[in-house]
Amino acid sequence: MKLAVIILAAGQGKRMKSALPKVLQPLAGQPLLGHVLTVADALRPQSIHVVYGHGGDDVRATFAGARVHWALQAEQHGTGHALMQAMPAVGDDQVVLVLYGDVPLVRLDTLRELLAHANAKTLSLLTVILDDPTGYGRIVRAASGAIERIVEQQDASAAELAIREGNSGILAAPAKLLRQWLGQLKNANAQGEYYLTDVIAMAVRDQVQVVPCIAPTEAEVLGVNDKAQLAQLERLYQRRRVNELLVAGATLIDPARLDVRGEVTVGRDVVIEANVLLEGQVFLGDRVRVGPNCVLRDMRVGADTVIHPNCVLERSDIDEACSVGPFARLRPGSVLRRDSHIGNFVELKKTTLGEGSKANHLSYLGDAVIGARVNVGAGTITCNYDGANKWVTTIDDEAFIGSGNMLVAPVRIGRRATTGAGSTITKEVPDGTLAVARGKQIALDGWQRPVKAPKKS
């Protein structure tokens, strides 16, 4: 099948009460339109077309790298009118799948099922059974069960309003026939708009088979018109992602307090505590435990590693059997080798911590290469920035860094070398030596501590 996907994304979204175009509103950290483009691309169509309008420059700039054809709907006159803007770039030999930039949760399997019934002589329509169909176009069927037409809420009779089968708006139709039907649309309705839904009655009139496909869940076809609906879809999305992790074998202490904003892969017996945020590409190896209130963004965490509470870890790599936190931060480019530890209020940036090495308290280690079995004392800082350039600190295997050290890069601490507490190290420390660099302590007899002036009454 030659497939063209057209995504209608021109709406302003006034009810959002936001300067951001509706299709750029974030769901799980990604614009609504991004979710739709992802599922569209997974269908491997010949082309993807996006009809844009309000906030068009921002929409196009956000997806500047996407392989899509853009079609401008300068004035909004309904869904049928929107689709007309993209049809000139679609060939007659293609099947057109119509999606919506504000309907982000439709599943790939559902769309594949819909497309399985669409061909050069058949139109397939995604419908949904609703407990409350208010606001949806109703599916009007004949006594035989065949679809006759769709009636919009504003134009429906009392009997039609009682119908619980609603129109999702998503359909697949042969481009040649769809083009003909769009050219015949009229705007003689309560809204004065060209409804795409009217093509269903035209297909029936032309004896083109209309095959209904009922969505498995209501969530798949829910659209977003205001912030309340956006929040509702966020929870539905997160519930879907949480269920995927549970099926994969992860133990989630409180599934309602885990947010996933990317792709997460878990090994066996992974445990994730409450209030955890996983973003980007995250891999958690066997028996990893993530404590509460942690953020992991684009992280690989090896087996048997423990992430203690309140850590923020980003674009870094942690090997097996490590311990991180609590209250630790890994900035991009950091690497923890096997059995290494970073503790409370320790920050690493573009730093490698070697196998079995430890920095357990109150330290900043930036642009550093730290060997195996090194102990970094509390309050240590690698002074890596001179105001213009970043410099590297190298600490070789089995070195011991005393508490309260300032290591002024570029500098090297040799193998099995030791630096005394309170030292400011500005020169290389040779292998196996002790370096002490601190001011001389003096005591002044007769020194008087300053005294506060008495308060006036």
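Is Cys294 buried or exposed? In this predicted model, Cys294 is buried, with a relative accessible area of 1%. Its sulfur lies 4.7 Å from the closest cysteine sulfur, that of Cys311. A disulfide requires the two sulfur atoms to be within 2.5 Å, so this pair is too far apart for a bond. The structure holds zero disulfides. Cys213 is also a buried residue, at 9% relative accessible area.

Helix H1 spans residues 32-42. Eight of its 11 residues are buried, so the helix is largely enclosed by the rest of the structure. The buried positions are Leu32, Leu33, Gly34, His35, Val36, Leu37, Val39 and Ala40. Arg44 follows H1 and has a positive phi, near 55 degrees.

Tyr52 and Trp70 form an edge-to-face pair, with 5.7 Å between centres and 85 degrees between planes. This pair links distant parts of the chain. Tyr52 belongs to strand S4 (residues 47-52) and Trp70 to strand S5 (residues 69-72), 18 residues apart. Tyr52 is buried, with a relative accessible area of 10%.

Phe327 and Phe345 form a stacked pair, 5.0 Å centre to centre, with 10 degrees between the planes. Phe327 sits in the loop between strand S21 (323-324) and strand S22 (329-330), while Phe345 lies in strand S24 (residues 341-349), so the pair ties together parts 18 residues apart in sequence. Phe327 is partly exposed, at 41% relative accessible area. Phe345 is partly exposed at 48%.

A charge also sits over a ring: Lys390 lies over the face of Tyr385, 5.3 Å from the ring centre.

Technical notes. Residues numbered from 1 in each chain as written. Predicted model: local features only at pLDDT ≥ 70, side-chain atom pairs only at ≥ 80, totals over all residues. Heavy atoms only, no water. Buried < 20%, exposed > 50% of the residue type's maximum accessible area, 1.4 Å probe, protein only. Helix = DSSP H or I, 4+ residues; strand = E, 2+ residues; numbered from the N terminus. Phe/Tyr/Trp six-rings, centres within 6.5 Å; stacked < 30°, edge-to-face > 60°. Lys NZ or Arg CZ within 6 Å of the ring centre and 35° of its normal.
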